[in-house]
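Hi,

Here's the structure I promised to pass on. Have a look at it first, then read my notes below.

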Protein chains: 2
Amino acid sequence: MPGINKIKFINSLKQKKNRKQHSLFIIEGEKMVDELIDSHFDIHSVYALKSWIIERGLAPGKVLRANAQKFALYEIKGPELERISSLATPNKVLALARMPSCTIEGYNPAKSITLMLDKVQDPGNLGTLIRSADWFGVDNIILSEDSAEATNPKVVQSTMGSLLRVRFHYLDLLSFLKSPGMEGIPVIGALTGAPSVYPVSLPEYGVIVLGNESQGISREIEKHVTQRISIPSFSKGSSSPQSLNVAVAGSIILSEIRRKIITG
Amino acid sequence: MPGINKIKFINSLKQKKNRKQHSLFIIEGEKMVDELIDSHFDIHSVYALKSWIIERGLAPGKVLRANAQKFALYEIKGPELERISSLATPNKVLALARMPSCTIEGYNPAKSITLMLDKVQDPGNLGTLIRSADWFGVDNIILSEDSAEATNPKVVQSTMGSLLRVRFHYLDLLSFLKSPGMEGIPVIGALTGAPSVYPVSLPEYGVIVLGNESQGISREIEKHVTQRISIPSFSKGSSSPQSLNVAVAGSIILSEIRRKIITG
């Protein structure tokens with residue numbers, strides 16, 4: 001059973017600076033922890049109710065994974081799980097995983113779909129976008145350093161496991177767009193008043209830029225956009241909605257790229 | 001300035017049972033309250049900082065609206081606003097609006113798009129769906145009585161004003177689908193493993209059913225679905241994502257209905 005210091009340590013990881021310092025983040029719930037154990041992610045430790053441990057034929061102590069790595073498994077009681085959980089209804093298990101060190105070296109932006117997020121701030125929106133990115137086969141997500149943080153517990157849980165499958169990189173977006181490998185790569189920007197995404201041709205691969213929830217894409221980034229698109233509104237109200245939710249808009253654009261490959 | 005009882009009363013409206021009892025709900029923020037005042041909604045009262053009141057050339061007391069109705073305007077100080085606000089960063093103004101009494105009498109489901117939500121539970125998802133419904137010109141949202149509640153403060157704020165433009169009805173879904181006016185109306189259901197939405201024809205009008213976040217569409221409702229569709233996955237991971245977020249899936253289907261009318 002983990003001591004009081006361990007409980008304090010886990011709770012400290014709810015704050016970004018502590019996650020950064022220790023390079024660890026929290027994943028909760030049966031399904032996500034099962035996926036984590038099957039994944040290539042390094043696992044620091046797992047805290048589980050007895051029932052979870054027994055169901056998997058495990059025992060507290062060092063557990064060997066299919067990938068030959070090990071993690072420390074602790075048995076924990078319900079009230080302790082409540083103290084460390086970020087969920088309204090704590091599940092049976094919580095894990096600490098090591099932050100991945102994704103590299104963009106060797107990735108070919110001309111042969112893959114890259115999602116670029118310019119100050120997307122809301123953790124729920126980021127979680128939904130990561131889930132959609134996984135669904136539509138996005139290879140890499142490039143985030144500005146002032147975007148929501150992908151290992152924030154709210155983001156982790158809302159990705160439903162997709163966090164473990166999509167590679168993400170916090171970078172200076174301008175430097176990335178100006179880097180030599182990006183020459184000639186299509187950069188599609190979702191911008192108010194731009195041509196409708198429906199009838200236009202879209203490249204099969206390239207970068208899709210989504211902007212901040214209220215400000216949209218920043219001016220410096222917009223200069224690098226090679227194709228401006230928007231999702232037209234069919235609103236009937238006397239006043240009109242100003243925009244779609246950014247996660248919805250991004251998902252519709254990803255859907256359109258995939259659809260056009262299939263149906264033209 | 002509102003007294004302690006009024007502050008208690010406003011806070012009591014954060015609970016569903018009190019909203020129901022008084023038939024009132026809370027709307028916050030400059031943009032949304034401005035839209036509320038311009039809307040057809042009845043307003044009970046508005047609580048605003050001095051700056052908000054002065055900017056609009058108003059004075060505390062009874063305020064006459066463009067629609068000839070009146071509401072009570074109270075001046076309030078920052079600390080009081082913090083006590084009644086549900087927002088992390090309270091804005092300048094909070095209003096109490098009367099629940100609309102939308103009727104489905106006289107609406108023609110054969111000439112309009114209806115979104116039907118079968119136990120969509122998450123307030124954020126409901127808010128996003130209301131916003132997308134407004135964007136794509138959905139006339140009515142029919143919700144099962146056990147769906148998230150549209151006047152929940154989280155839902156209200158995440159709709160970004162669209163709540164004021166889309167009509168919603170909490171009904172027994174089965175009775176609605178079996179009602180005489182529904183005969184021959186297309187009922188499109190988003191179901192795992194169903195044919196891809198991209199190449200198929202979709203009706204221009206009808207009912208689109210979305211199910212619960214984890215269980216999907218319930219069996220009894222599924223029996224009434226006349227066209228089963230799904231959004232195909234292009235995931236490249238070793239394990240696959242099980243589903244898209246329900247608000248994303250619903251929005252993509254609405255987008256597809258509108259796109260097919262334009263580009264076929």
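In chain A, helix α6 (residues 123-135) and helix α10 (residues 246-263) have axes that come within 9 Å and cross at roughly 15 degrees. Axes here are lines fitted to C-alpha atoms, for helices over the stretch in contact, with angles from 0 to 180 degrees between N-to-C directions. That makes α6(A) and α10(A) roughly parallel (angles under 35 degrees count as such). Helices are DSSP runs of H or I with at least four residues, strands are E runs of at least two, and both are numbered from the N terminus.

Before going on: this is a predicted model, where local features need pLDDT of at least 70, side-chain atom pairs count only at pLDDT 80 or more, and totals for chains, interfaces and linings use all residues. Residues are numbered from 1 along each chain as its sequence is written, while chains are lettered from A and ligands numbered from 1 in the order in which they are written.

Who meets whom? On the α6(A) side, N125(A), T128(A), L129(A) and S132(A) touch V246(A), A247(A), G250(A), S251(A) and L254(A) of α10(A) (contact: C-beta atoms, placed from the backbone, within 7 Å).

As for the two chains, 35 residues from chain B and 35 residues from chain A make up the contact. On chain B, α3 (30-38), α6 (123-135) and α10 (246-263) each supply at least two residues to the side touching chain A, and α10(B) gives the most, with nine residues.

Lastly, the buried residues of α3(A) pack against β1 (24-28), β2 (43-48) and β5 (93-98) of chain A; M32(A), V33(A), E35(A), L36(A) and I37(A) are buried (20 or more other C-beta atoms within 10 Å of a residue's own).

Cheers

Note on methods:
Parallel < 35°, antiparallel > 145°, perpendicular 65-115°, else oblique. Buried ≥ 20, exposed ≤ 12 C-beta atoms within 10 Å, placed from the backbone.
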